[in-house]
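Please open the model in your viewer and keep the selection tool ready.

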Amino acid sequence: MTTLTRPTPIPSSAPASAPAPQAARSANASRDESITAWALAARGGDPEAVERFVGALHRDVRRFVAHLGADPQVVDDLAQDTFLRALGSLHRFEGRCSARTWLLSIARRAVTDSFRYAAARPRPADVPDWRLAVERAQPSGLPGFDDGIALADLLATLPDERREAFVLTQVLELPYEDAARLTACPVGTVRSRVARARATLVELLMAAEAPRDPAESREPTTLAAA
């Protein structure tokens, strides 16, 4: 007869939970480890690992591509192109960095290539409705931003390098070291770009939420002729 051993109770002096930032970092690190393991298994020909790898990172890739300024109408195509490139070169992935960092670097190149291709061909006369474009590019469920504020619009006002650093570390929650590796710049530079981007976004949010001066909404007074 098998005797089941009860788990050792946690001492009452132990903290109930880790601080929120540390817990989030641990969760992200654990997620990245799992994704990297799936990528390595997929490299070995495991079809289930391929499905798990693609499913785990599809949303991150799509959001990153959208925030890099890609045409909203081709975001899905660029995401698909990213995974096709990744799966085609998966045999060269050795796990020296997280699979998420590796895949986002491929997404970055896919967007760059699309920009070069678009610049080399004639520009179409018809321009998609900007409201529809913002709606498609706008990610949903981001903490810290009101639903009424279009994050895509705010990020679009940032310089490219600051926007990319902010999206990588604050939206996709990539570690600063991985973001530095992906963008080929020092960690301190990434931190500086994120800090400046955050300051700019805070100013824009405060300006958007500030109450308007009632005098601005009044009808202009018509002065009687002298």
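Leaving aside its neighbours within four places in sequence, with which residues is Val190 in contact? Please bear in mind throughout that this is a predicted model.

Select Val190 and display the residues around it. Beyond its neighbours within four places in sequence, Val190 is in contact with Ala165, Thr169, Tyr176, Ala179, Ala180, Thr183 and Cys185. Val190 also belongs to the largest nonpolar core, which has 46 residues. Next, select Phe53, Val61, Phe64, Trp102, Leu104 and Leu168, which together with Val190 are the residues with the most contacts inside this core. Two or more residues each come from α1 (20–43), α2 (47–67), α3 (75–88), α4 (99–119), α6 (151–156), α7, α8 and α9. In soluble globular proteins, nonpolar side chains tend to be buried together.

**Second stop: α2 against α7**

Two packed helices are described by the angle between their axes and the distance between the axes. Select α2 and α7, whose axes come within 10 Å and cross at roughly 155 degrees. Because of this angle, α2 is roughly antiparallel to α7, an angle over 145 degrees being the requirement for that description. The crossing of α2 and α7 is right-handed. Now show the side chains: Arg63, Phe64 and His67 in α2 meet Arg163, Glu164, Val167, Leu168 and Val171 in α7. The residues of this contact comprise four nonpolar, one polar and three charged.

Move to Ala41, which is placed in helix α1.

**Last stop: two loop residues**

Most residues other than glycine have a negative phi. Select Glu173, in the loop between α7 (160–171) and α8 (176–183). Glu173 is not a glycine, yet has a positive phi of about 60 degrees. With 39% relative accessibility, Glu173 counts as partly exposed.

Finally, select Ala184, in the loop between α8 and α9 (187–209). Ala184 likewise has a positive phi of about 60 degrees although it is not a glycine. Its relative accessibility is 71%, and therefore Ala184 counts as exposed.

Notes:
Residues are numbered from 1 along each chain as its sequence is written. This is a predicted model: local features need pLDDT of at least 70, side-chain atom pairs count only at pLDDT 80 or more; totals for chains, interfaces and linings use all residues. Side-chain values use heavy atoms; hydrogens and water are left out. Helices (H or I, at least four residues) and strands (E, at least two) are DSSP runs, numbered from the N terminus. Buried means under 20% relative accessible area, exposed over 50%, partly exposed in between (1.4 Å probe, protein chains only). A nonpolar core is a set of buried Ala, Val, Leu, Ile, Met, Phe, Trp, Tyr and Cys residues joined through side-chain atoms within 4.5 Å. Contact means heavy atoms within 4.5 Å. Axes are lines fitted to C-alpha atoms, for helices over the stretch in contact, and angles run from 0 to 180 degrees between N-to-C directions. Angles under 35 degrees count as roughly parallel, over 145 as roughly antiparallel, 65 to 115 as roughly perpendicular and the rest as oblique. A crossing is left-handed if the near helix is turned anticlockwise from the far one by less than a right angle, and right-handed if clockwise. Ala, Val, Leu, Ile, Met, Phe, Trp, Tyr, Cys and Pro count as nonpolar, Asp, Glu, Lys and Arg as charged, and the others, Gly among them, as polar.
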